[in-house]
Amino acid sequence: MKIDGVPSRTVVSRPSEGCVEVIDQTVLPHELRWARVASVAEAAHAIRSMQVRGAPLIGATAAYGLAIGCGHDASDAALDRAVADLAATRPTAANLRWALRRMRDRLDPLPVPDRAAAAWAEAEAIAEDDVSANRAIGRYGLDLLQRLRPGDRPLEVMTHCNAGWLATVDRGTALSPVYAAWDEGLPVHVWVSETRPRNQGLLTAWELAHHGVPHTAVADSTAGVLIRQRRVDAVLVGADRIAANGDVANKVGTYLKALACFDNGVPFYVAAPLSTVDTGCPSGAEIPIEERDGEELRVVQGVDATGAPSSVRQLPQGEPVSNPAFDVTPSRLITAIITERGIWTPA
Ligand code: MRU
């Protein structure tokens with residue numbers, strides 16, 4: 001996608017310097033800042049601190065992190081340590097372990113001196129595959145959106161969290177069909193839910209604004225009434241892990257939107273690459289759900305009147321809070337899952 005008219009990806013590889021640069025998403029949408037990742041520890045930090053986030057981008061960053069590590073030490077012991085450190089960063093996104101597994105499958109059979117070059121090549125391939133998968137998701141998703149197209153007004157799509165360009169290497173998952181629609185001249189408007197407590201919806205609004213796609217941000221709790229009033233033609237979200245039976249773990253709040261859609265006959269679509277499908281998880285009940293620091297709920301981040309980063313405490317430090325990062329939507333509530341290989345209707 002483009003930033004200020006210039007094509008860019010969320011992760012830019014610099015193999016000759018043994019590093020990658022990533023967009024630091026912790027300061028968006030207020031500031032566009034790049035962070036340099038030049039070690040396994042820095043890659044793990046970028047993922048854990050959510051400088052990079054979104055399941056496909058987490059996977060690609062971990063792959064690059066491993067490639068960077070191989071440039072320093074590509075022995076079996078170093079690989080074991082790097083994989084363990086990267087895998088421990090976030091528990092829910094299937095793409096993280098998928099990417100690390102793919103890297104190991106490529107590297108383990110090779111002699112140690114050959115591993116560094118092969119690791120960079122495999123990380124680049126993972127990134128490229130993500131981009132082409134997302135483009136294919138965009139095409140399949142566009143077919144679905146075209147069928148819902150109202151004659152007399154823009155198509156109203158609601159999304160949750162950020163499953164756009166920023167959550168992937170490029171194009172996005174749930175937003176890929178939206179970008180495809182917009183680029184094809186299909187009038188579309190996106191309802192962007194804020195996505196408390198980390199406010200990833202604000203990243204979605206930032207992306208859509210950069211691409212010129214009409215959108216409106218709403219508080220998460222507004223979704224139900226919009227769906228009930230038929231001001232939403234379809235809800236389209238991403239996924240962090242999809243179980244073998246089609247249950248979907250995605251950003252917390254997704255399940256409530258699926259329930260509202262089900263009650264009102266509004267299609268509820270999930271868009272994700274097959275690297276998000278975990279066939280080792282029989283159902284959503286087996287998907288590990290990340291519990292994050294309660295401070296994310298107690299303290300609101302933003303900028304002050306001068307534009308400087310600022311935070312406001314809304315709950316005392318000792319206040320008990322619960323902060324699960326994801327919920328599981330059962331497959332029976334999902335109209336279809338859009339993948340790079342086509343449409344999957346699990347239920
Ligand atoms: O906690 P995050 O921001 O890494 O959450 C992941 C997500 O971006 C969303 O849940 C998204 O819908 C799936 S990833 C394309």
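1. Helices and strands below are DSSP runs (helices H or I, at least four residues; strands E, at least two), numbered from the N terminus. A pocket, on a 1 Å grid over the protein atoms alone, is an open set of points with protein on both sides within 12 Å along at least five of seven lines; a cavity is a set of points where a 1.4 Å probe fits but cannot get out. Lining residues have an atom within 4 Å of a point.

2. A word on what you're looking at: this is a predicted model, with local features needing pLDDT of at least 70 and side-chain atom pairs counted only at pLDDT 80 or more, while totals for chains, interfaces and linings use all residues. Residues are numbered from 1 along each chain as its sequence is written, and side-chain values use heavy atoms, with hydrogens and water left out.

3. For the classes, Ala, Val, Leu, Ile, Met, Phe, Trp, Tyr, Cys and Pro count as nonpolar, Asp, Glu, Lys and Arg as charged, and the others, Gly among them, as polar.

4. A polar side-chain atom of Arg 53 is 2.5 Å from a ligand oxygen. For Lys 251, the distance from a side-chain N or O atom to an oxygen of the ligand is 2.6 Å, and for Arg 90 it is 2.8 Å. As for cover, the ligand has 400 Å² of accessible area on its own, and the protein covers 100% of it (Shrake-Rupley method, 1.4 Å probe).

5. Now the largest pocket, at about 590 Å³; a volume is the space filled by probe spheres set on the points, which are joined across faces, edges and corners. Its lining has 26 residues, with Thr 26, Leu 28, Arg 198, Gln 301 and Gly 302 closest to the centre. β14 (299-303) is one of the elements that supply at least two residues, along with α7 (200-211), α10 (295-298) and β15 (309-313). The most comes from β14, with five residues. Eleven of the lining residues are nonpolar, nine polar and six charged.

6. The second largest pocket has a volume of about 180 Å³. Its lining includes His 160, Asp 220, Ser 221, Val 252 and Lys 257. α8 (223-228) and α9 (254-264) each give two or more residues to this lining, and α9 gives the most, with three.

7. Last, some backbone spots to check. The Leu 28 to Pro 29 peptide bond is cis, with omega near 0 degrees, and Pro 29 is in the loop between β4 (19-23) and β5 (34-37). Arg 196 to Pro 197 is also a cis peptide bond, with omega near 5 degrees, and Pro 197 falls in the loop between β7 (188-193) and α7. Thr 195 is in the loop between β7 and α7; this residue is not a glycine, yet has a positive phi of about 70 degrees.

Definitions and conventions: Polar contact = N/O pair within 3.5 Å; in protein donor to acceptor, adjacent residues only side chain to side chain.
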